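These are my notebook entries on one structure, written down in the order in which I looked things up. I begin each topic with the terms that I need for it.

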Amino acid sequence: MTTIGFIGSGMIGGTVARLSVAAGHNVVMSNSRGPETLRELVAELGPLAVAATAGQAAEAGDLVVVAIPVKAIADVPATPLAGKPVLDAGNYYPQRDGQIEVLDNGALTSSGLLQRHLPGAHVVKVFNNIYFRHLASLARPSGSDDRRALPIAGDEASAKTAVTGYLDSIGYDAVDDGSLADSWRQEPGTPVYGAPYGPFSSATGAPADAAAIRAALAAAHR
């Protein structure tokens with residue numbers, strides 16, 4: 001049984017954790033405020049979930065989801081993540097994160113910045129382009145005719161393979177968006193960000209299969 005560590009347990013982190021326990025995965029939840037603040041979430045998630053510190057979640061996870069503001073990247077523990085797939089769900093919002101020069105000038109993507117902070121880990125961009133309510137409602141079992149897809153980007157092929165398998169287990173196909181340098185194509189303001197899954201005003205979202213996601217990625221321009 002796979003254990004998924006979570007650094008950040010907000011709307012996206014909590015939603016991915018719910019999908020994970022529904023698929024039979026163990027989850028280790030953490031946030032910036034301490035394990036004691038996660039009691040209600042862990043109780044909701046049930047016996048497959050425990051609360052922990054960020055370091056403990058990083059240590060325990062076979063895969064680790066990082067769902068935090070970009071401005072908090074420096075707080076992610078690097079040593080216990082060495083050699084592991086790290087699923088980066090973050091987005092750069094200057095109004096929240098402050099101006100970050102290497103992101104503003106395009107020298108790095110936000111996932112590239114996380115990879116620079118975690119040189120021993122294998123960062124894969126995923127979950128950043130979908131509204132959390134749609135992420136919860138659009139999951140479908142493997143083989144379903146109305147299967148939805150999410151883009152992923154990363155530099156390590158084995159990590160992308162692991163993430164693809166994990167996504168399959170929680171209800172989604174994966175569309176390869178290339179390297180971390182290519183992951184700008186799924187960042188805020190691009191055609192694949194939010195829109196393929198319907199407006200945020202829709203609680204349930206709209207179908208977006210692999211072909212639709214590939215088309216949206218191909219339409220991205222800097």
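Entry 1, terms and source. I call a residue buried when its relative accessible area is under 20%, exposed when it is over 50%, and partly exposed in between, with a 1.4 Å probe and protein chains only. The model is a predicted one, in which local features need pLDDT of at least 70 and side-chain atom pairs count only at pLDDT 80 or more, while totals for chains, interfaces and linings use all residues. Residues are numbered from 1 along each chain as its sequence is written, and side-chain values use heavy atoms, with hydrogens and water left out.

Entry 2, the sheet. I took helices (H or I, at least four residues) and strands (E, at least two) as DSSP runs numbered from the N terminus, and I counted two strands as paired if DSSP finds at least two bridges between them. In what order do the eight strands lie in the sheet? I read the order as β3-β2-β1-β4-β5-β6-β7-β8, in an open sheet with mixed pairing. The strands at the edges, each pairing on one side only, are β3 (49-51) and β8 (172-176). As background, I noted that strands of a sheet pair through backbone hydrogen bonds, either parallel or antiparallel.

Entry 3, strand β2. Strand β2 (residues 26-30) runs parallel to β3 and is joined to it by three bridges, and Met29 has Ala51 of β3 as its bridge partner. With β1 (residues 3-7), strand β2 pairs in the parallel sense over five bridges, and there Phe6 stands opposite Met29. Four of the five residues of β2 are buried, so this strand is largely enclosed by the rest of the structure.

I also checked the crossovers, where right-handed means that, with the strands pointing away from the viewer, the path from the first strand over the helix to the second runs clockwise. A right-handed β-α-β unit is made by β1, helix α1 (residues 11-22) and β2, and another right-handed unit by β2, helix α2 (residues 39-45) and β3.

Leaving aside neighbours within four places in sequence, Asn26 is in contact (heavy atoms within 4.5 Å) with Met1, Thr2, Thr3, Ile4 and Leu48.

Rings of Phe, Tyr and Trp (its six-membered ring) pair if their centres lie within 6.5 Å, and planes under 30 degrees apart count as stacked, over 60 as edge-to-face and the rest as tilted. By this rule I counted two aromatic pairs. Tyr131 and Phe132 are edge-to-face, with 5.1 Å from centre to centre and 75 degrees between the planes, and both residues are buried. Tyr131 and Phe200 are stacked, at 4.6 Å and 15 degrees; this pair links distant parts of the chain, 69 residues apart. Phe200 is partly exposed, because its relative accessible area is 44%.

I used the term for a set of buried Ala, Val, Leu, Ile, Met, Phe, Trp, Tyr and Cys residues joined through side-chain atoms within 4.5 Å. The largest core has 44 residues, and those touching the most other members include Phe6, Met29 and Leu135. Apart from this core lies another, of 20 residues, among them Val64 and Ile100.
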